[in-house]
Amino acid sequence: MSAEVWTLAEVRGGKIHPVSRELLAWGKELADALGAPLASVIVGSGIKEQSASLAAYGADKVYVADAPEFENFKADITSATLAEMIEKYKPSILIASATTQGRTVMPMLSSRIGCGLTADCTELAIDRESKRLIQTRPAIGGNVMADIKTKGRDPQMCTVRPKSKRPLSPDASRECETIEFAPKKELLESLVKFIKFEAEKSVGLPLQEAEIIVSGGKGMKNAKNFARLEELARLLGGSVGASRMAVDLGWAPYSAQVGLSGKSVTPRLYLAFGISGAVQHIAGMSGAETIVAVNQDPEAPIFRVADLAVQGDAMEMLGGLIEAVKKYKGLQ
Amino acid sequence: MKIAVLVKQVPAVDTVKIDEKTGTMIREGVEAELNPLDLHAVEAAVRIKEARQDTSITAISMGPMTAQKAVRYAIAMGADDGLLLSDRKFGGADTLATARTLARAIKKAGPFDLLLAGERATDGETGQVGPACAELLGASVLSYVSAIEELSGEKVRVVRAVEGGHETVEAKLPAMVIPVKEMNVPRLCTLSGKLRAKKADVEILTADDISMAAEETGLTGSATQVVNVTYPKVTRCGRRIAAADGIDAAIGEIMKIFEDKNCLEKAEAV
């Protein structure tokens with residue numbers, strides 16, 4: 001049997017984060033193509049009991065490294081532990097999520113064990129002849145798509161964008177084998193000490209995990225108008241995004257910025273109100289499944305990437321939509 | 001305090017245009033600049049220097065000889081000197097080979113108390129080199145940093161912008177701090193800064209200078225390999241409507257999309 005395909009489960013606030021299920025959907029396709037078992041590896045504190053929940057989403061096996069030192073995610077000791085686990089169990093592939101955790105720990109692991117790493121993949125496949133992993137990723141703001149292969153030592157490692165694949169439908173009857181891994185004591189001394197966490201009071205999910213993003217730009221004209229985007233976002237169960245201009249004007253926090261120097265997002269629906277669509281902005285959102293753009297200017301570049309381009313006043317359209325959604329929901 | 005800032009020269013995105021017909025990027029006539037996200041790392045270093053007299057800043061880059069321009073820009077902002085790793089043997093390096101090469105040079109030029117790097121470059125967009133390089137140097141890794149709260153000779157306390165909030169952590173030096181844009185507003189270069197940068201020494205290091213064998217660096221030392229490149233069309237050529245032709249019809253069109261995407265089921269009362 002082929003060597004295992006691993007996914008790195010993500011633990012946030014002591015819980016297995018749902019993004020871990022998406023990773024299993026990625027891994028399942030590869031494991032099936034290779035005829036290999038699919039395993040999830042969890043590094044965290046007090047997470048042993050939750051580990052079996054991943055079976056329903058496709059894990060044949062779960063490797064658990066559970067120690068109090070792993071509380072509040074520590075990249076250095078996680079990297080060191082993963083290196084030991086890889087050395088012991090020799091997986092062929094390791095997939096992690098391109099979140100702040102994955103994007104920190106995976107490069108550290110890559111140089112620690114001397115294995116290649118491909119960032120932010122949007123497609124993964126197994127080459128039929130060589131049985132090697134083909135990792136496809138956008139570069140230069142999505143203007144280039146590169147297929148990448150890892151040579152040399154396994155595992156072949158990559159991160160994938162959150163929300164770019166749906167989890168498999170859970171099958172509660174599935175069971176998995178749980179293998180506990182006890183890291184050596186000296187591996188558990190982190191150079192980083194956690195002090196505190198302050199949650200952000202923003203509407204909806206973090207942008208990169210949002211299925212619906214209601215985004216605004218300079219065309220919103222002022223902060224008060226911009227704030228109305230939140231109302232629509234809340235009604236749709238989405239999150240608020242912003243162009244760089246809107247962030248620079250102080251209408252939205254940097255965490256909301258979409259684009260090359262902000263976040264790359266892949267929601268199912270991206271609504272752009274009053275965003276002209278600079279190359280940098282489009283680079284961050286052109287991967288959305290459906291794009292609706294509202295802009296006064298018929299020449300706005302955003303219209304080129306939109307599935308539905310509405311030429312009109314952003315505020316007028318936003319106000320009309322809020323009313324229409326409320327009416328639909330029977331809220332008025 | 002000795003600070004090293006890792007910088008990269010990238011194609012200036014502002015000068016990139018999209019071909020209307022093909023929807024792909026026009027690469028001709030694209031200028032090079034210092035990676036915009038690196039500016040925040042340089043700015044952070046210069047602010048530390050302004051607050052601490054004993055600070056020196058070295059800007060370090062890897063790239064063709066023309067990348068001296070990026071290093072000089074960092075000097076113009078306030079770095080003291082620069083170092084450019086330039087050798088044909090470094091060409092085609094992936095993030096692992098780049099991290100390895102930079103780490104070797106940092107070891108040679110160091111030791112440094114603090115390392116700074118941009119969140120990611122706007123061309124490759126991997127964000128992997130900073131953490132990978134720090135790991136090889138045994139430095140603490142502090143990524144997605146939105147503020148440096150305290151810095152002493154031994155440790156640094158920072159705020160990290162992570163999903164759903166801000167995390168405060170403390171780490172021993174040497175540490176690699178990777179700022180996000182939120183941390184600061186990079187200064188513009190002054191005329192005197194530009195003059196200083198023009199005259200400043202930028203040391204050029206080759207593979208031999210850092211005792212790097214060809215198989216450890218560049219394309220040969222890389223663990224990943226680009227096997228195929230395609231230029232996807234960004235353009236979707238969707239449907240166009242005008243609100244002036246009837247705003248209710250326009251709203252109706254968008255409502256239909258909301259329905260198709262099941263956006264209206266999850267809606268909650270405000």
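This is a predicted model: local features need pLDDT of at least 70, side-chain atom pairs count only at pLDDT 80 or more; totals for chains, interfaces and linings use all residues.
## Helices on the sheet

Ten strands form an open sheet with mixed pairing, in the order S13(A)-S11(B)-S10(B)-S9(B)-S12(B)-S8(B)-S1(B)-S6(B)-S7(B)-S13(B). Which strands stand at the edges? They are S13 (192–199) of chain A and S13 (202–205) of chain B; each has a single partner strand, so one side of each lacks a neighbour in the sheet. On average, neighbouring strands here are turned by 35 degrees against each other, direction ignored.

Helix H1 of chain B, residues 36–51, also packs on this sheet. The strands that helix H1 touches are S1, S6 (56–62), S8, S9 (140–151) and S12 (175–179) of chain B, and its direction makes about 165 degrees with that of S1(B).

Within the sheet, S1 (residues 2–7) and S8 (residues 114–117) of chain B pair in the parallel sense, over four bridges. In this pair, Ala4(B) stands opposite Leu115(B).

## Where the chains meet

Chain B gives 78 residues to the contact and chain A gives 81 residues. On the side of chain B that touches chain A, 41 residues are nonpolar, 19 polar and 18 charged.

Strand pairing crosses between the chains here too: S10 (residues 144–150) of chain A and S14 (residues 224–230) of chain B run antiparallel, joined by six bridges. Met145(A) has Thr230(B) of S14(B) opposite.

Notes:
Residues are numbered from 1 along each chain as its sequence is written. Chains are lettered from A and ligands numbered from 1 in the order in which they are written. Two strands pair if DSSP finds at least two bridges between them. Helices (H or I, at least four residues) and strands (E, at least two) are DSSP runs, numbered from the N terminus. Axes are lines fitted to C-alpha atoms, for helices over the stretch in contact, and angles run from 0 to 180 degrees between N-to-C directions. Two residues are in contact if their C-beta atoms, placed from the backbone, lie within 7 Å. Ala, Val, Leu, Ile, Met, Phe, Trp, Tyr, Cys and Pro count as nonpolar, Asp, Glu, Lys and Arg as charged, and the others, Gly among them, as polar.
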